[in-house]
Amino acid sequence: MLALALVTVAVAAYDIDCKWKSNISDIEDVAHHKYQVLEECLFYKLTSEADRMQDKSNALMMLPPTVAAGETLEVQVLDGSITEMWMNEVFKEMNINGYLKLSWKDRRLRWNPEEWKTENLRLKSMGRLWSPDINSDKLQTGSQSTDFVNYHDIQSNYNGNVTARLEFRMKAQCVIDYTEYPNDRKHCCFNLQSTLYKRYVKFIMEHGDGHEMLNTKDIRTNWHVDPTWTWIMKLNQENDNRAERLEVCVGVVRKSSTLAVELTLPVLISALILLLAPFFGKFNQQIYVKMFALLLQFMSFQFLSEKTPQLGFGDNIPKIYIFYAFTIGMTVLSLIATVMISAMSRVKRKVPPAHRYTLLASLLNANLCCGSEEEPTTDGTSSKMSQDATSDWLQIHSALNNLSSILLLFIYIIGAIVIAF
């Protein structure tokens with residue numbers, strides 16, 4: 001009698017149909033451990049029915065949900081999120097962590113919610129249910145050590161609608177635009193696709209515009225995400241127009257205001273010295289100032305070269321490099337012009353220039369707030385004509401230097417605006 005009683009208790013404890021569920025009035029009142037037992041009973045029932053439907057054991061775990069030939073599985077992409085990313089500057093790769101929320105229909109996961117007192121079924125393990133083999137499009141030998149994809153939070157409702165979170169860790173190849181360096185722009189993309197069921201899995205986007213589906217608000221990175229270059233897009237697989245893939249792209253801009261100040265401030269100071277050089281007075285003083293500005297620019301350019309990426313800029317030429325080269329070129333031209341005019345002004349001339357040129361030079365020197373030369377001193381032995389000619393030619397050379405300085409100033413300002421915009 002004791003043995004019979006023990007057997008009866010054991011059978012009652014191992015109730016695979018959870019008959020006690022008929023006594024439940026409100027599922028919220030069920031203890032947590034008993035609710036888990038109820039879910040196990042429901043899953044056992046669904047597994048048994050799926051095995052009979054598809055005439056194979058463990059069908060729910062091993063076989064896709066469709067039965068008829070030619071059927072496809074529509075996987076709906078609800079939304080996605082990028083949680084973390086960091087850049088490998090040498091290999092031009094962006095390491096991206098995030099997830100996609102997916103949904104698909106599995107007719108084998110249907111039950112009567114009134115009978116089982118629950119509308120949702122949580123699957124505690126990914127291996128208990130067949131799921132689309134969405135993975136990286138890279139070769140397995142190249143991706144198995146870096147790329148990672150796994151399903152989490154799989155659950156189904158009583159109509160067979162399965163939802164899951166597909167978490168990924170991917171290395172995305174980047175196209176880098178160094179035009180605005182050090183605020184360079186990177187556009188990084190990777191693909192997700194089915195390998196075993198290429199033509200069976202079809203993607204449906206929840207929102208037509210893929211820009212709205214990828215959330216980057218909670219991302220942890222030192223890059224600024226550009227939403228106009230960030231999206232999830234459905235495309236055809238390469239070499240197979242009937243197979244589909246998901247392209248996930250992230251556009252980022254470097255956040256480096258400190259580096260931008262370090263690279264631009266020295267050359268801006270040297271450019272300011274160049275522009276103010278004509279106001280320092282005599283030719284010799286202007287030459288010394290321009291030579292100092294040129295030295296400072298070469299030192300700044302050397303510092304800029306040390307900040308260049310290891311593999312260079314490729315086909316892009318950053319604007320800051322163009323600005324440096326333009327500034328150095330204008331400084332050299334200004335220095336050459338001042339040196340040549342200074343050399344011509346030292347030549348003794350006995351023949352005076354035309355009177356109208358002398359008047360024009362005097363007018364320009366009186367109204368242009370730039371440098372001027374002192375009139376030559378004489379010892380009283382020179383003739384009046386030679387004294388007047390030397391003074392008049394000096395005025396003309398000073399006016400030429402002022403005009404060249406003003407012209408180079410306007411060219412430099414216009415050129416800098418063109419380069420910046």
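Analyst: Buried here means under 20% relative accessible area, exposed means over 50%, and partly exposed is in between, using a 1.4 Å probe and protein chains only. This is a predicted model, where local features need pLDDT of at least 70 and side-chain atom pairs count only at pLDDT 80 or more, while totals for chains, interfaces and linings use all residues. Residues are numbered from 1 along each chain as its sequence is written, and side-chain values use heavy atoms, with hydrogens and water left out.

User: Which cysteine is joined to Cys 249?

Analyst: Cys 189, through a disulfide with an S to S distance of 2.0 Å; a disulfide is a pair of cysteine sulfur atoms within 2.5 Å. The torsion about that S-S bond is about 115 degrees, so the link of Cys 189 and Cys 249 is right-handed. The pair links distant parts of the chain, with Cys 189 in strand β7 and Cys 249 in strand β11 (residues 240-254), 60 residues apart. Helices (H or I, at least four residues) and strands (E, at least two) are DSSP runs, numbered from the N terminus.

User: And Cys 189 itself, buried or partly exposed?

Analyst: Partly exposed, because its relative accessible area is 21%.

User: How many disulfides does the count come to?

Analyst: Three. With bonded cysteines counted along the chain, the pattern is 1-2, 3-4, 5-6.

User: OK, where do Cys 174 and Cys 188 sit?

Analyst: Those two are joined by a disulfide, S to S 2.0 Å. Cys 174 is in strand β6 and Cys 188 in strand β7, so the bond ties together parts 14 residues apart in sequence. Both Cys 174 and Cys 188 are buried.

User: What's the sulfur distance for Cys 18 and Cys 41?

Analyst: 1.9 Å in that disulfide. Cys 18 lies in the loop between α1 (2-13) and α2, and Cys 41 in helix α2, so parts 23 residues apart in sequence are tied together. The link is right-handed, with 60 degrees about the S-S bond, and both Cys 18 and Cys 41 are buried.

User: What about phi at Asn 58 and Lys 117?

Analyst: Asn 58 has a positive phi near 55 degrees without being a glycine, and Lys 117, also not a glycine, has a positive phi of about 65 degrees. Most residues other than glycine have a negative phi. Asn 58 sits in the loop between α2 (32-54) and α3 (59-62), and Lys 117 in the loop between α4 (113-116) and β3 (120-123).

User: Now strand β8. Which residues are on its covered face?

Analyst: Val 201, Phe 203 and Met 205, while Lys 202 and Ile 204 make up the uncovered face of β8 (residues 201-205). In a regular strand the side chains alternate between the two faces of the sheet.

User: Last one: what does UniProt cover with "transmembrane region"?

Analyst: The unreviewed entry puts that annotation on residues 259-280, 287-305, 320-341 and 399-420. UniProt positions are in the numbering used here, feature names are shortened, and annotations may be inferred rather than shown by experiment. In the model, residues 320-341 are 100% helix and 0% strand, with the end C-alpha atoms 31 Å apart.
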